[in-house]
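Work through the exercises below with the sequence and the 3D structure open beside you. Try each task before reading its solution.

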Amino acid sequence: MNLEEYFKKIGFHGSYEALDLSTLTRLHKRHVMSIPFENLSIHCGETITTDLQEVFDKLVRTRRGGWCMENNLLFGWALREMGFDTTTLGSRVFNRVLKDFPADESHLINKVVIHGKAYIADVSFGLSSQVWEPLELVSGKDQPQAPGIFRLIEKGDVWVLEKTGRKPEVLNPEFDKPDLINRELTKSIYCFSLNPRQLHDFVDINHKLQIDPTSLFTNKSICSLQTATGFKCLIGWAYSEVTFKPEDGVDVFNMRYITEDELEKVLGEQFNVTVQNKLQPVSKKVSCVL
């Protein structure tokens, strides 16, 4: 593993001698626009591992993305290699069916300290909840970014990440379904404590999410990539291109179903993804994801 390969993969250029917020922000944004958030391995008969070397080979040396325990693991490794003060944290993703945070810490994130200030770096939530830039760890502060306004709220020994977004404008009415489009303008995303975690803390949940019949990831095949104007995603057979229009107060969703003949082309041209084993797209009705 080496940084130069990773930098080439995400299109990061220039010096990184200054371990400052500007460098961290450029890295963060390049990562989310270069390496997809995806769980396709589950639907290709493959196993998702937390072995760092295997993650590096998959995300950097092949045309693949990954989920948080791959993308954020890789990102944390790169930050440490560069010399950033980086700590692994675990978070609990808000369950929209239960309307609460579950017990399991199923989402890996990174905390980065720069000149005494702490930031949350998360390059792998995907879809409409993906932050493009690190978030300063300050309670109650509105932190506007292209996808919407994010804020971190301290509640005792737990921090909650929430987002206030814009109204979804769905150009194709047949896709405006409660299990696909989230119409909450302000929503909780996840909560976390500042207790450091180690990679072994995520091994069991990494396995569980791949086999649990109630898991979002076994019920939906997802591939998502942020773009200069929004994001694009493939959920099951539904392909979406989403354009952020803050001046109009909306996010415009242009959605369509693709055919099996288009699958390989869409993955390759839109996400720079090539799967080695046959992908079986799936999108069963569970909690909304967009």
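This is a predicted model: local features need pLDDT of at least 70, side-chain atom pairs count only at pLDDT 80 or more; totals for chains, interfaces and linings use all residues.

**Exercise 1. Two helices against α4**

Task: Describe how α2 packs with α4, then how α1 packs with α4.

Solution: Step 1. Helix α2 (residues 21-32) packs with α4 at an angle of about 150°, and their axes are 12 Å apart. Step 2. Angles over 145 degrees count as roughly antiparallel, therefore α2 and α4 are roughly antiparallel to each other. Their crossing is right-handed. Step 3. The residues that meet are T23, L24, L27, H28 and H31 in α2 and N71, L74, F75, L79 and M82 in α4. Sorted by class, this contact has 6 nonpolar, 4 polar and no charged residues.

Step 1. Helix α1 (residues 3-10) packs with α4 at about 125°, with the axes 11 Å apart. This angle makes α1 oblique to α4. The crossing of α1 and α4 is left-handed. Step 5. From α1, the contact uses L3, Y6 and F7; from α4, it uses L74, F75, W77, A78, E81 and M82. The class count here is 8 nonpolar, no polar and 1 charged residues.

**Exercise 2. The mixed sheet**

Task: Give the order of the 6 strands in the open sheet with mixed pairing, and say which helix packs on this sheet.

Solution: Step 1. The order is β1-β11-β12-β13-β14-β9. Step 2. β1 and β9 (167-170) are the edge strands, since each pairs on one side only. Step 3. β11 (residues 222-226) and β12 (residues 230-235) run antiparallel and are joined by 5 bridges. L225 has K232 in β12 as its bridge partner. Step 4. Helix α7 (residues 263-271) packs on the sheet and touches β11, β12, β13 (238-245) and β14 (250-257). The direction of α7 makes about 155° with that of β12.

**Exercise 3. Buried or exposed?**

Task: Decide whether H43 is buried or exposed, and do likewise for F253.

Solution: Step 1. The cut-off for buried is under 20% relative accessible area. Step 2. H43 is found in the loop between β1 (37-38) and α3 (52-61). Its relative accessibility is 9%, so H43 counts as buried. Step 3. Beyond four places in sequence, the contacts of H43 include F217, T218, K278 and L279. Step 4. F253 belongs to strand β14. With a relative accessible area of 4%, F253 is buried. Step 5. Beyond four places in sequence, F253 touches residues including P168, V170, I181, F231 and L290. The C-alpha atoms of F253 and F175 are 9.3 Å apart, although 78 residues separate them along the chain.

Methods: Residues are numbered from 1 along each chain as its sequence is written. Side-chain values use heavy atoms; hydrogens and water are left out. Axes are lines fitted to C-alpha atoms, for helices over the stretch in contact, and angles run from 0 to 180 degrees between N-to-C directions. Helices (H or I, at least four residues) and strands (E, at least two) are DSSP runs, numbered from the N terminus. Angles under 35 degrees count as roughly parallel, over 145 as roughly antiparallel, 65 to 115 as roughly perpendicular and the rest as oblique. A crossing is left-handed if the near helix is turned anticlockwise from the far one by less than a right angle, and right-handed if clockwise. Contact means heavy atoms within 4.5 Å. Ala, Val, Leu, Ile, Met, Phe, Trp, Tyr, Cys and Pro count as nonpolar, Asp, Glu, Lys and Arg as charged, and the others, Gly among them, as polar. Buried means under 20% relative accessible area, exposed over 50%, partly exposed in between (1.4 Å probe, protein chains only). Two strands pair if DSSP finds at least two bridges between them.
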